[in-house]
Amino acid sequence: MTERYGETMKKVRQAIDAERQDATRVMQTTVRLLHHELPHYTWVGFYLLDGNELVLGPFAGRPSPHTRIPLGRGICGAAAAEEQTIIVDDVNTDPRYLACSFDTRSEIVVPIMLDGQVLGEIDIDSDKLAAFGPADKDFLEQLASHLAPILRS
Ligand code: SME
């Protein structure tokens, strides 16, 4: 993990561990810190699974029209249905993409899983093409594992 991700992970984990009794605050702090610390993270949000729908939770960035996304729809719904991280280098060439902002160029969606169940996901958009690579995937998957027991409790 590069230095920037390592530093950010340290800050986020410190904040999360101090607030772990309150899942909403943990998510609010996480989106604020990721949005602030990593400049290519233009929009950062949580979706939480409720039945067969993903419901928008705390986010940082422009408001999204997609407050409820059925499983299997959009890149968010695909990542939850497939139970794996999806990186899209150019959202305009992906037919699954549900547009949130005209400026978005690339997206990463990382499921938050506990005991084989999807609890929700971290969704990040960037105004840069192909903004997300293996370092983002590793960083966000580690973060998702750390968050999973907090979000379930
Ligand atoms: N682009 C997502 C929808 C959510 S917004 O990016 C916030 C998708 O295709 O599922």
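**Figure 1. Buried residues of helix 3 in the predicted model.** The buried residues of helix 3 are Gly74, Ile75, Cys76, Gly77, Ala78, Ala79 and Ala80. The structure shown is a predicted model. Helix 3 spans residues 74-82, and because seven of its nine residues are buried, the helix is largely enclosed by the rest of the structure. Packed against these buried residues are strand 1, strand 2 (53-60), strand 3 (68-70), strand 4 (86-88), strand 5 and strand 6.

Figure 2. Glutamate 83 sits in the loop between helix 3 and strand 4. Its phi is near 55°, a positive value in a residue other than glycine. Most residues other than glycine have a negative phi. With a relative accessibility of 44%, glutamate 83 counts as partly exposed.

Figure 3. A backbone N or O atom of cysteine 76 is 2.8 Å from an oxygen atom of the ligand. In the side chain of aspartate 125, an N or O atom lies 3.0 Å from a ligand oxygen atom. For the side chain of aspartate 123, the corresponding distance from an N or O atom to an oxygen atom of the ligand is 3.5 Å. On its own the ligand has 310 Å² of accessible area, and the protein covers 100% of this.

**Figure 4. Threonine 104 in the loop between strand 4 and strand 5.** Threonine 104 is placed in this loop. The residue has a relative accessible area of 2%, under the 20% limit, and is therefore buried. Not counting residues up to four places away in sequence, threonine 104 touches Val91, Tyr97, Asp125, Ser126 and Asp127.

**Figure 5. Asparagine 52 and leucine 71.** Asparagine 52 lies in the loop between strand 1 and strand 2. Its relative accessible area is 59%, over the 50% limit, so asparagine 52 is exposed. Although asparagine 52 and leucine 71 are 19 residues apart along the chain, their C-alpha atoms are separated by 5.6 Å. Leaving aside neighbours within four places in sequence, the contacts of asparagine 52 are Ile69, Pro70 and Leu71.

Figure 6. The loop between strand 6 and helix 4 contains alanine 130. Alanine 130 is not a glycine, yet its phi is positive, at about 45°. The relative accessible area of alanine 130 is 44%, and the residue is partly exposed.

Figure 7. Helix 4 comprises residues 134-152, 19 residues in total, and reaches 27 Å from its first C-alpha to its last. This is close to the 27 Å expected at 1.5 Å a residue. At histidine 146 the helix bends by about 30°, and proline 149 follows within four residues. The buried residues of helix 4 are Asp136, Phe139, Leu140, Leu143, Ala144, His146, Leu147, Ala148, Ile150 and Leu151. An α-helix has 3.6 residues a turn, so residues three or four places apart point the same way. The cover over the buried residues of helix 4 includes helix 1 (3-18), helix 2 (23-37), strand 1 (43-50), strand 5 (106-114) and strand 6 (117-126).

Key
Residues numbered from 1 in each chain as written. Predicted model: local features only at pLDDT ≥ 70, side-chain atom pairs only at ≥ 80, totals over all residues. Heavy atoms only, no water. Helix = DSSP H or I, 4+ residues; strand = E, 2+ residues; numbered from the N terminus. Expected span 1.5 Å × (residues − 1). Bend = angle between axes of the 7 residues up to and from the residue. Buried < 20%, exposed > 50% of the residue type's maximum accessible area, 1.4 Å probe, protein only. Contact = heavy atoms within 4.5 Å. Polar contact = N/O pair within 3.5 Å; in protein donor to acceptor, adjacent residues only side chain to side chain. Areas by Shrake-Rupley, 256 points an atom, 1.4 Å probe, with all protein chains shown as cover.
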